[in-house]
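Please keep the sequence and the model in view while reading.

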Amino acid sequence: MIKFTEFMANELDKSQDEMWLLKDLPVTSENIGFRPEEMNGCSKCGKSNPPTRPKCFYCSADLLIDAAETQSANINSRVLENREKGFNLVYLPESSTEKSDISAIARLLSIEVDFIRQIIEAKSIIPLVRLESPHETAIENLSSYGMKCCMVADEVLEVNKLPVRLRGLKFLSESFVLINFNTDEEIEVQHDDLSLIVTGALFEAKTETVEKRKKKEASVVLETQAKSDSGLIDIYVGDDAIGYRITVNGFDFSCLGSEKGLLAAENIRRLAEVLRSYAKSAKFAGDYLMIRQLLDEVWPLERRKDSYRRQGTGLGGKDFTNIESSNNLQQFTKYSRLQRQLL
């Protein structure tokens with residue numbers, strides 16, 4: 001009896017400790033489910049269903065739901081692979097967000113409320129979801145909830161066609177001279193013809209592990225990691241949708257004259273400022289680094305994994321090298337081309 005009393009006392013203390021740990025957790029203010037009045041009754045079996053279901057959960061009978069909720073039931077039904085062609089539902093920051101129904105938007109798109117809120121607060125052109133089909137009524141439905149959007153197809157962004165790489169620039173009184181990296185061809189562009197400047201960075205990461213396998217056992221004997229980041233500038237001239245790209249590697253920053261610094265990262269930032277000062281009529285998109293994590297949700301990083309057997313490792317087992325790498329090159333190109341399409 002004494003042991004049982006001690007056991008119950010210990011359990012009570014443990015329960016009080018757990019409640020104390022939970023006391024500072026934030027309380028969710030958004031409705032994560034549907035209210036009773038929002039539920040849809042089935043005309044066949046009479047049971048209640050969420051308003052986003054096209055068929056009854058219990059008897060599979062067709063449910064009578066409005067067009068907006070039908071769209072919600074079908075939209076964003078499958079996550080697309082990077083290699084697949086899809087359609088990007090893009091948020092436009094000029095939306096009137098004071099009256100936006102964030103909860104309804106999240107239900108319509110089947111995404112988290114916090115993600116919608118972060119996108120609105122960023123005040124940037126950001127894709128909300130990537131869809132398998134255009135879903136023409138989605139834009140109209142979002143507009144009724146106070147959010148302005150547009151649809152941009154992957155094919156329009158042409159991410160498989162990289163911008164023309166530049167070796168250098170020349171600044172003249174009324175024009176620029178773009179120097180092609182591969183051909184040294186010089187292209188003269190008037191200041192007013194430069195329509196868009198997009199800045200960002202290329203992030204690359206690689207992890208290499210050496211694994212020794214003997215019979216059914218495997219152990220990692222060596223692991224190395226490498227990360228790098230370098231600035232990028234894309235510029236677009238006139239109606240050209242492909243653009244030109246400046247990277248820190250292989251670019252001649254002597255065009256900066258006395259403003260040229262010792263570090264490439266510093267020079268590419270200065271170059272972006274100089275371009276803006278010359279092409280005053282060009283639009284500038286410089287928020288990529290601030291919204292990169294939001295872009296990850298819709299346009300994930302490119303990842304690759306390779307594995308091969310090492311040669312000449314001697315007796316007593318087999319050595320294998322595994323290399324995992326990732327980069328954001330395709331993501332930045334999509335972001336850049338999206339800015340160009342929405343000029």
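This is a predicted model: local features need pLDDT of at least 70, side-chain atom pairs count only at pLDDT 80 or more; totals for chains, interfaces and linings use all residues.

## Other charged pairs

A search of the whole structure finds eleven salt bridges. One of them joins the side chains of K305 and E324 at 3.8 Å, N to O; because K305 lies in strand 13 (residues 302–309) and E324 in strand 14, this pair ties together parts that are 19 residues apart in sequence. K305 is exposed at 59% relative accessibility, while E324, with a relative accessible area of 43%, is partly exposed.

Another salt bridge is formed by E266 and R270, whose closest N and O atoms are 2.3 Å apart. Both residues lie in helix 7, four residues apart, which is about one turn of the helix. E266 is partly exposed at 24% relative accessibility, and R270 is partly exposed at 28%.

## Helix 7 and its two faces

Helix 7 (residues 264–278) has 15 residues, which at 1.5 Å a residue should span 21 Å, and this agrees with the 21 Å between its end C-alpha atoms. The buried residues of this helix are N267, I268, L271, A272, V274 and L275. They cover an arc of only 165 degrees around the axis, so they lie on the same side of helix 7.

The face turned away from that buried side carries the exposed residues R269 and E273. What covers the buried residues includes strand 6 (164–171), strand 7 (175–180), strand 9 (194–214), strand 10 (217–237) and strand 11 (244–247).

## Nonpolar cores

The largest nonpolar core has 46 residues, and those with the most contacts inside it are L109, I116, L128, L142, M147 and Y335. Helix 3 (residues 102–109) contributes the largest share of this core, six residues. Apart from it lies another core, of 25 residues, which includes L169, L178, L256 and A282.

L128 illustrates the packing in the largest core: leaving aside residues up to four places away in sequence, L128 touches, among others, L89, V90, L109, F115, I116, L142, M147 and V298.

Conventions. Residues are numbered from 1 along each chain as its sequence is written. Side-chain values use heavy atoms; hydrogens and water are left out. A nonpolar core is a set of buried Ala, Val, Leu, Ile, Met, Phe, Trp, Tyr and Cys residues joined through side-chain atoms within 4.5 Å. Buried means under 20% relative accessible area, exposed over 50%, partly exposed in between (1.4 Å probe, protein chains only). Contact means heavy atoms within 4.5 Å. The expected span of a helix is 1.5 Å times one less than its number of residues. The arc is that of the directions from the helix axis to the C-beta atoms. A salt bridge is a side-chain nitrogen of Lys or Arg within 4 Å of a carboxyl oxygen of Asp or Glu.
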